[in-house]
Number of protein chains: 2
Amino acid sequence: MPYELHYWPTIQGRGEFVRLALEAAGAPYVDVAREEGGMPAMDRYLSSPEVQRPPFAPPFLVDGKLVLAQTAAILLYLGPKLGLVGARAADALWTHQIQLTIADFVAEVHDVHHPIASGLYYEDQQAEAQRRAADFRRHRLTKFMAWFEAVLERNPRNAGASMPQLVGGRLSYADLSLFQVVDGLQYAFPKATRRVLKKAPRVAALHAGVATHRRLRAYLASGRRIAFNEQGIFRRYPELDA
Amino acid sequence: MPYELHYWPTIQGRGEFVRLALEAAGAPYVDVAREEGGMPAMDRYLSSPEVQRPPFAPPFLVDGKLVLAQTAAILLYLGPKLGLVGARAADALWTHQIQLTIADFVAEVHDVHHPIASGLYYEDQQAEAQRRAADFRRHRLTKFMAWFEAVLERNPRNAGASMPQLVGGRLSYADLSLFQVVDGLQYAFPKATRRVLKKAPRVAALHAGVATHRRLRAYLASGRRIAFNEQGIFRRYPELDA
């Protein structure tokens, strides 16, 4: 049985972190809501009182009887099955901790364009967004990227490696997620991201390296990769970049 | 060796979710930054380049060689050791999924009073906060509480139980965290919370029930429980409630 991924069909969003793991591993999966009749199937999990353990929101994974939401929890579950996390318990926890920090960062990136309410249009909170974006570029973007860089710098297995990785000596789902974050930042904040990556060369090298992964390269060039757009987390609003 | 919890010494904040688990289990721990010389110890983990796997931010737990940040990851790790999670893998994952949803909610609660920048004073973003608070009360508070209520309603083990619990038939760290969220909401948004709890009677019953837990009752009445205040996540700003 292929995994079922349920997520909004027209954006990368948080679903993309799961897609990248499934694609990198070559795991069989169905992107349910992008299939004919898939949106009602997704909606049923979200709204039917018969679902005993309901997701709060997409993305969620269905694997047999298991219905599992929360991006980081999905990756915690899939990691060992897909060979995308170290076998040692301490490595698995550290990978998860990094993923949760990425999740925090992603939520902040989203709120740059929606500081007042996710249910309102960007245009209805643009002034506030510009204020938040200035703080984001100056403080938060810098702080998070410096942390990722430090994690890469302090991983002893990166000494002499062609591509730095976050945890130990193997590719993990956290590496794929950090790739996605950098990819999204380059789309949404090209100027600020160019600047911050100069001070985070290992993060830039990880981003470049993941993009050359055989299966991911094929995925990124395929129609399965939805293009960045102004409905997702990473949105290109030039007035928010500098 | 007692667990070491590292967190800001003057607020409940995110550290409180870990404190509640340790206290409910009667586990030996040191609240490091509240001890003499504890702040430099915490700061060293955050800033020394010698820490190979550095926390991004407090809270973090030190257990022997393990340094573990991210509230939900700490509880994932402590849950089995403290007897605060079910033994079945599916129950452990579901508990973690609920905890991550609580974490998302807590971040939103924080951003109600800091919608523009966590580094700015509330007074410098009060107008934006009032706008965000109106949306929070109307939409987000309602949506999250309805989800917690549904989770409690659909847990078959709650039929006939004196106190509803989120996962299976035992007290979990997610129950303690939901208690904390309700406690904080009652402090920060007394009017809106009274209203929303009327539609979430199981959430209210869980909150009341956890407060009667023998060890937690003693903890909550002790000096170890820091009072809510206007430096933490849950702040009482009357202009944000209605």
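1. A word on conventions. Residues are numbered from 1 along each chain as its sequence is written, while chains are lettered from A and ligands numbered from 1 in the order in which they are written. Since the model is predicted, local features need pLDDT of at least 70 and side-chain atom pairs count only at pLDDT 80 or more, whereas totals for chains, interfaces and linings use all residues.

2. Let us start with the strands of chain A. Helices (H or I, at least four residues) and strands (E, at least two) are DSSP runs, numbered from the N terminus. Strand β1 (residues 3-6) of chain A pairs with strand β3 (residues 60-63) of chain A in the antiparallel sense over three bridges; pairing requires that DSSP finds at least two bridges between two strands. Within this pair, Glu4(A) has Val62(A) in β3(A) as its bridge partner.

3. β3(A) also runs antiparallel to strand β4 (residues 66-69) of chain A, joined by four bridges. Here Asp63(A) stands opposite Leu66(A) in β4(A). The two strands form a hairpin with two residues between them, and Gly64(A) in the turn has a positive phi of about 65 degrees.

4. Still in chain A, have a look at helix α6 (residues 173-188) and helix α8 (residues 201-210): their axes come within 9 Å and cross at roughly 105 degrees. Axes are lines fitted to C-alpha atoms, for helices over the stretch in contact, with angles running from 0 to 180 degrees between N-to-C directions. α6(A) and α8(A) are therefore roughly perpendicular, a label for angles of 65 to 115 degrees. Among the residues that meet are Leu176(A) and Phe179(A) from α6(A), and Val203(A) and Leu206(A) from α8(A).

5. Moving to chain B, 10 of the 11 residues of helix α1 (residues 15-25) are buried, so the helix is largely enclosed by the rest of the structure. Buried means that 20 or more other C-beta atoms, placed from the backbone, lie within 10 Å of the residue's own. The buried residues include Phe17(B), Arg19(B) and Glu23(B). Elements of chain B that they pack against include β1 (3-6), β2 (29-31) and α6 (173-188). Just after α1(B), Gly26(B) takes a positive phi of about 65 degrees.

6. Finally, the contact between the chains takes 32 residues from chain B and 32 residues from chain A, where contact means C-beta atoms, placed from the backbone, within 7 Å. On the chain B side, α4(B) gives the largest share, nine residues.

Definitions and conventions:
Contact = placed C-beta atoms within 7 Å. Buried ≥ 20, exposed ≤ 12 C-beta atoms within 10 Å, placed from the backbone. Parallel < 35°, antiparallel > 145°, perpendicular 65-115°, else oblique.
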